[in-house]
Amino acid sequence: MALLLVIAVNFISALFQACSGFGYAMLAMALMPQFLPMPVCSAVSAVTVVCIGIQMTVSLRRHLQWKTILLPVAAAITTIPVGIWCLMHFEERTLRWVLAILMIVVTLILACSRAGWIRVPGRWYSAVILGWITGLSTGMFNIVGPFFMLYYIHVCDDTMSMKACLESSFLVAGLYSMSLHLYYGTINWTVLPLLIGSGAAAVIAGLLGLRLYRHMDKTKIARVAYVLFPIMAVSLLIS
């Protein structure tokens, strides 16, 4: 039963990610802890992030601006180990609170950014600061997209380039996070069925979502996220 739930959660989360460019980890990490321990959820999402990243990077490789992702991704790599350490040493309840607060903060930031109230300069220090924050959120919960998107949206040439940069960053950060989960032992033979099922579901969702991406109304997707993420955050605290 848990396997079917994990597959369903990761399919829905990956489909949202493919259609919007962000949101997989926030949805998956808000739902999976209802029936799995947080470190296991993070391990599953780390592997799924890599599956999504490989698929999307290959599909969008013509739009990728490699030089744009180098600095923010390098900054993220320096703080991912700190996030993993927190994941392994904080109590489950503390992790739920941190994730819930992070989801609400991200929702507010994205809403303000879309409204034009927040503008991130496309400078090196923006890439480094947002990369550091992303590293912490990636290490703990594999949340890669939201903070990187604040930077890429101002430096990429077009929407497809921004998505390509996001997904490629997703891949690199996910690979490093996955390697650390292997080191800590949270990725093991016991969770292998969850990893295979989640990865396969994410690839199928990605194929579908990528076809929808060009035709989706990004404003409507954002509005769904503004409502959905706070609800998911509350569900983490009351379950």
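**Close-up views of a predicted model**

**View 1. A nonpolar surface patch.** Leu 71, Trp 124, Tyr 125, Ile 129, Trp 132 and Ile 133 make a nonpolar surface patch of about 610 Å². Patch residues have over 30% relative accessible area and no salt bridge, with nonpolar side chains (Val, Leu, Ile, Met, Phe, Trp, Tyr) joined within 5 Å. Areas come from the Shrake-Rupley method with a 1.4 Å probe, and only the protein chains shown count as cover. Helix H6 (residues 124-141) gives the largest share, 5 residues. Leu 71 is found in helix H4 (residues 66-89). Helices are DSSP runs (H or I, at least four residues), numbered from the N terminus.

This is a predicted model: local features need pLDDT of at least 70, side-chain atom pairs count only at pLDDT 80 or more, and totals for chains, interfaces and linings use all residues. Residues are numbered from 1 along each chain as its sequence is written, and side-chain values use heavy atoms, leaving out hydrogens and water.

View 2. Glu 92 forms a salt bridge with Arg 96, the closest N and O atoms being 3.7 Å apart. A salt bridge is a side-chain nitrogen of Lys or Arg within 4 Å of a carboxyl oxygen of Asp or Glu. Both residues lie in H5, 4 residues apart. Arg 96 is buried at 8% relative accessibility. Buried means under 20% relative accessible area, exposed over 50%, partly exposed in between. Glu 92 is partly exposed, at 29%.

View 3. Glu 167 and Lys 163 meet in a salt bridge (3.0 Å, N to O). Both lie in helix H8 (residues 159-184).

Methods:
Patches are made of residues with over 30% relative accessible area and no salt bridge: like charges are joined within 9 Å, nonpolar side chains (Val, Leu, Ile, Met, Phe, Trp, Tyr) within 5 Å. Helices (H or I, at least four residues) and strands (E, at least two) are DSSP runs, numbered from the N terminus. Buried means under 20% relative accessible area, exposed over 50%, partly exposed in between (1.4 Å probe, protein chains only).
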